[in-house]
Amino acid sequence: MTKLALTINGRAQGPVDVRDDLTMNDFLREVLGMTGTKFGCGAAQCLSCAVIVDLPDGTSHTEPTCVASAASFDGKKIRTIEGHSGDGQLTVLQKAFIEHFAFQCGYCTPGFLNEGQVLLEQLARTPAARADLETIIADALDGHLCRCTGYIKYHEAVRDVILADPHRFLKGG
Amino acid sequence: MKLAAVSGITLGVSRLALAETSAFLAHETLPGRGVFKPTVGRVDGVAKVTGAKLYASDFRASDLPGWPANTSHALLVRVADATHVYAGFDLTRLGKNAQPSVVVTAEDLARIGARAPEFYAGDLFCPVGKTPSYLGQPAALLIFETFDAFDRARLVFRDGDFLKFGAETGPVAVPNYGAFRFTRVAGATPDAPDIYSPLQEGWISPGLLESSGRPIWKPLPVAKGGEYVKGATYGEAIRAQLAGDNPAVLTLDRQFETQSVDPMFLEPECGLAWYDPDAANLEIVLGVQSPFEATEAIAFLLGEAQAGFKPQNIDAQFAYIGGGFGGRDHTPFPLYVALAAMFYPGHAVRLAHDRPQQFQGGVKRHAFKMRSQIGVDRASGKITAFAADHVLDGGGQMNYSISVAVVAATGAIGVYDIPKVDVTTVAVHSRGVTAGSMRGYGTLQTMTALEVLVDEAAAALPLDPIEFRRRNALRPGGRTMTGNPYSVSVRTKEILDKLDKHPIWQKRADEKARAKPGFVIGVGVACAAKDYGTGADCSLGSVEIDAEGRISIHGDAVEMGNGIGTALANRAALSIGGIADEVTVAQVDVFDALELMTSGDAYTITQAAQDEAAKNPRWVPAISSATSASIGAHVGTQAVAEAARIIFRFGLWPAALSLWGIASTDPRSKQADEAYWQGETLIMTGLSPLPLSAIAAKAHAQKGVTGAMAHAFSRWAWSQGVFNIAGEDWPADIDALAVRHGGDRFVRLDRKAVAFPPTDYNRIGTAFSSLCGTLVRVEIERATGALRIAKAYSVLECGKVLVPEVVLGQAQGGFAMGVGYALLETLPPFEDGPGNGQWNLGQYLVARGSDLPLHDLEIEILSPLASNEPPKGMAEVVMIPVVPALLNAIFDATGRRFQSLPVTPEMLKRALA
């Protein structure tokens with residue numbers, strides 16, 4: 001057993017005893033009831049279970065939760081789909097997903113939203129060249145599976161958010 | 001809605017509500033008042049980007065009002081061996097902390113008197129002492145009190161199950177699921193009656209089987225086969241013609257095989273149920289495409305069960321999302337959810353597949369083996385005859401195998417007008433995982449084989465592939481293989497012209513010549529016509545507008561990710577101006593006012609029985625049907641569309657006349673059709689524009705029709721009813737109606753007359769069809785066989801487009817699924833396949849973004865032929881031509897015609913070596 005304490009969407013959770021082989025996905029969904037993070041494959045192949053991990057150096061990345069133990073998240077700060085909007089306001093990426101009809105069934109949306117948000121924050125720190133933008137988006141999102149949409153609208157939504165604020169996300173923008 | 005009791009059990013089917021009403025309104029009511037409402041986008045958008053509970057897998061007992069606080073968990077154990085006698089199980093390996101509280105087996109089902117519904121005929125659990133009839137057949141249901149015990153147990157199971165097997169028997173022999181022969185011989189001219197057709201003569205099946213179980217297709221004179229002999233004789237004549245040595249005719253005879261694949265919807269099947277023994281009430285939460293069927297199947301399962309196992313009431317609640325590309329339409333999974341609750345009374349039990357279990361237990365696409373023969377007159381380039389023989393592997397349970405076989409066979413001539421056709425089909429049992437409904441539904445397989453064959457025929461003539469298709473294209477009014485014309489638009493020529501003029505096609509030689517060293521380039525074309533509808537489709541819908549002009553819509557269609565909620569809102573807006581403030585789907589509990597009743601089977605009822613039943617103004621051929629077969633736009637929105645028309649004509653229009661001060665004697669009062677909406681403003685030439693809110697307030701004040709609730713039924717044509725509304729006879733494509741005046745309650749209106757579609761329409765294969773054509777340009781690396789789709793173009797027609805962005809998204813998604821089917825996805829049969837319980841993503845390859853031309857896929861949607869052309873189904877047709885277009889492009893690039901799927905880089909590498 002591990003005494004797990006972590007921060008989820010800015011709120012401290014735990015400490016709570018968890019079995020060492022309990023997955024983070026089950027901790028979120030079964031223990032905390034936070035079902036916004038999905039379970040798709042249990043093999044880190046579809047990434048519908050991915051959450052954002054915020055590192056002390058101010059950077060972030062996504063991690064799948066279906067193959068990782070909850071204990072491995074001890075002391076970490078994470079964000080899930082439930083934590084994106086604040087004060088009833090959607091983020092620019094959430095709005096873009098809606099307005100682009102980016103998803104269909106929406107089961108993969110938590111993963112794409114988290115990955116897209118991490119990309120935006122990364123570009124805000126280190127803007128990219130416009131010529132590289134499509135490749136950067138493709139590389140960032142490629143690990144995520146979507147069975148409904150063909151991915152195009154997800155990519156367009158992320159790209160349009162970036163192009164709408166070139167000074168923030170693009171070199172020389 | 002309270003349905004007719006089944007075996008003394010009262011059924012209720014309702015949408016899923018959350019424990020906290022406010023949370024429900026915020027999350028499940030779409031778009032939900034008081035929450036961010038985008039000016040564009042899907043009505044379910046906010047819920048999906050905020051992690052709202054929308055999916056069956058999101059719910060636990062604590063989310064549901066009145067349920068126990070805790071959730072128990074069940075594990076469905078399936079066999080990975082179907083050639084040895086099942087000898088039971090040993091739970092000791094689970095350890096003391098992972099022991100189930102309850103174990104359910106075949107013996108338990110027999111003890112309580114549970115029955116397998118006919119659709120799932122066979123052993124729901126494999127009994128000890130029998131060889132399992134298929135891989136993945138359940139053997140036991142383990143129910144755990146706590147999540148911890150369940151979680152420990154499933155981890156143990158990942159290292160191998162605990163099932164024991166004895167003597168080897170080989171696979172269980174089970175008769176074929178069904179066999180049909182579709183033969184048509186056209187008259188001398190297109191307008192002449194057919195000489196023989198399934199529509200005229202009825203569908204036929206062979207009466208004799210070989211000892212192997214395969215049908216004998218020869219026209220043997222058997223007692224029960226008289227009608228078969230006639231059709232088969234014509235069929236054999238067609239085959240003799242194709243076998244003849246006529247130098248004026250090009251004849252090709254080819255084999256084609258397609259693979260089994262998984263629908264791979266991202267949310268594995270899941271359910272939650274609670275049996276309250278004190279109230280004898282079974283509550284169940286599911287996410288399926290066929291809510292009515294699931295509920296009725298559970299009622300049948302428990303209908304004759306002994307005391308304590310037969311609920312008096314079943315209240316089934318359905319999550320917002322139910323879709324699974326067909327794979328969640330009529331699956332046995334809900335039965336096991338119900339059993340979990342019945343065998344652990346007083347506890348809420350959750351049963352959820354993980355991904356390997358979904359591969360092992362979920363329905364698959366049928367693998368096909370096809371032989372196709374085509375005869376083409378060399379001089380004219382016209383196809384003179386076509387014959388085919390299909391064998392499809394239905395796996396362990398019959399499920400939809402017969403239906404898939406029929407749809408596949410009757411779609412086997414695609415978009416073409418062929419005067420002589422003979423197609424045999426047989427769906428066989430195997431020990432593989434059960435095959436059932438999946439996007440494309442048989443025609444994906446047969447049209448892929450056809451379009452590859454057509455491409456080869458064009459090359460052999462030689463004739464330009466598009467010109468060859470144009471010469472043989474089915475024209476409006478032309479007859480399908482069953483002998484009936486389509487009753488909807490047929491725009492083959494336009495589609496072909498679009499393909500012909502596209503730069504991918506026009507510049508194909510230039511691009512081919514421009515291939516980089518070490519690469520080859522090819523362009524392929526294909527065209528497909530896909531039926532939509534099932535021949536017994538229902539639509540339930542209601543529209544209400546309040547005195548402030550706010551609109552509420554309820555429908556029974558299930559959201560499949562296809563945006564049905566948005567489509568409902570947009571279709572109603574065509575009549576009443578405003579986009580709904582509230583839309584709910586998967587609803588069948590709000591239509592009680594219609595007081596519907598049904599009897600018989602809509603597919604098999606006789607004309608006399610239908611005529612007699614129709615005298616009851618509450619009778620309809622069927623009440624609610626699964627959301628499947630691309631019917632979302634065409635069927636799913638029909639009742640709402642008619643309800644909205646009635647509100648406009650008998651509520652809003654009279655109110656507008658009052659506001660304009662136009663008397664009923666004024667000729668303008670009869671010109672409702674000339675008024676139109678600009679947003680929420682009603683425009684009438686020469687009169688002041690009126691806001692919807694003012695019209696709605698007036699409609700309420702003068703007690704006009706402010707709500708309408710309707711039922712529609714389609715058997716390749718809509719039921720047509722006449723209703724007296726406000727003293728006027730109103731004909732509409734609905735068969736039941738209730739209306740609300742002002743703020744009153746809904747009141748059912750008896751229909752004055754009704755015309756249900758004739759029962760002999762059940763002989764029609766399909767009368768509804770949409771078309772799509774696809775061009776692809778591929779680039780293949782010789783050294784590796786890696787294939788890149790450089791450019792692609794799909795053009796489709798689907799009548800009135802309700803939500804253009806959704807149609808576009810479906811086309812893009814269909815393209816991706818087509819790429820996966822052609823190049824990536826495959827499940828081996830039997831022991832190496834998904835039935836072994838070891839399959840997961842990673843091993844099973846689904847198209848990712850990097851497999852697709854994300855910035856080079858062009859989709860064109862043809863405008864409707866007329867402004868009032870109804871919406872047509874399109875979610876399946878957009879996938880089909882992608883597959884043969886890829887194969888034809890591969891041929892163009894490599895010179896190799898592949899006759900099986902998928903075509904992998906290794907195969908391409910060998911072809912180019």
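Contact is taken throughout as heavy atoms within 4.5 Å. The structure is a predicted model, in which local features need pLDDT of at least 70 and side-chain atom pairs count only at pLDDT 80 or more, while totals for chains, interfaces and linings use all residues. Residues are numbered from 1 along each chain as its sequence is written, chains are lettered from A in the order in which they are written, and side-chain values use heavy atoms, with hydrogens and water left out.

**View 1. The open sheet of chain A.** Five strands are arranged in the order β2-β1-β5-β3-β4, with mixed pairing. Strands, like helices, are DSSP runs numbered from the N terminus (E, at least two residues, for strands; H or I, at least four, for helices), and two strands pair if DSSP finds at least two bridges between them. The edges are formed by β2 (11-18) and β4 (60-63) of chain A, each of which pairs on one side only. Neighbouring strands are turned by 35 degrees against each other on average, direction ignored.

**View 2. The β3-β4 pair of chain A.** Strand β3 (residues 51-54) of chain A joins β4(A) in the antiparallel sense over 4 bridges. Within this pair, A:Val53 has A:His61 of β4(A) as its bridge partner.

**View 3. Helices on the sheet of chain A.** Helix α1(A) lies across β1 (2-8), β2, β3 and β5 (77-79) of chain A and runs at about 75 degrees to β1(A). Helix α3(A) packs on the sheet, touching β3, β4 and β5 of chain A, and its direction makes about 160 degrees with that of β4(A). Axes are lines fitted to C-alpha atoms, for helices over the stretch in contact, and angles run from 0 to 180 degrees between N-to-C directions.

**View 4. The interface of chain A and chain B.** Here 49 residues of chain A are in contact with 65 residues of chain B. The two chains bury about 4,700 Å² between them, 59% of it on carbon and sulfur atoms; buried area is the accessible area (1.4 Å probe) lost on putting the two parts together, summed over both. A:Arg19, A:Phe101 and A:Arg147 supply 19% of the area that chain A buries against chain B, more than any other three residues.

**View 5. A salt bridge between the chains.** B:Glu825 forms a salt bridge with A:Arg147, with the closest N and O atoms 2.7 Å apart. The rule (a side-chain nitrogen of Lys or Arg within 4 Å of a carboxyl oxygen of Asp or Glu) finds 8 salt bridges across this interface.
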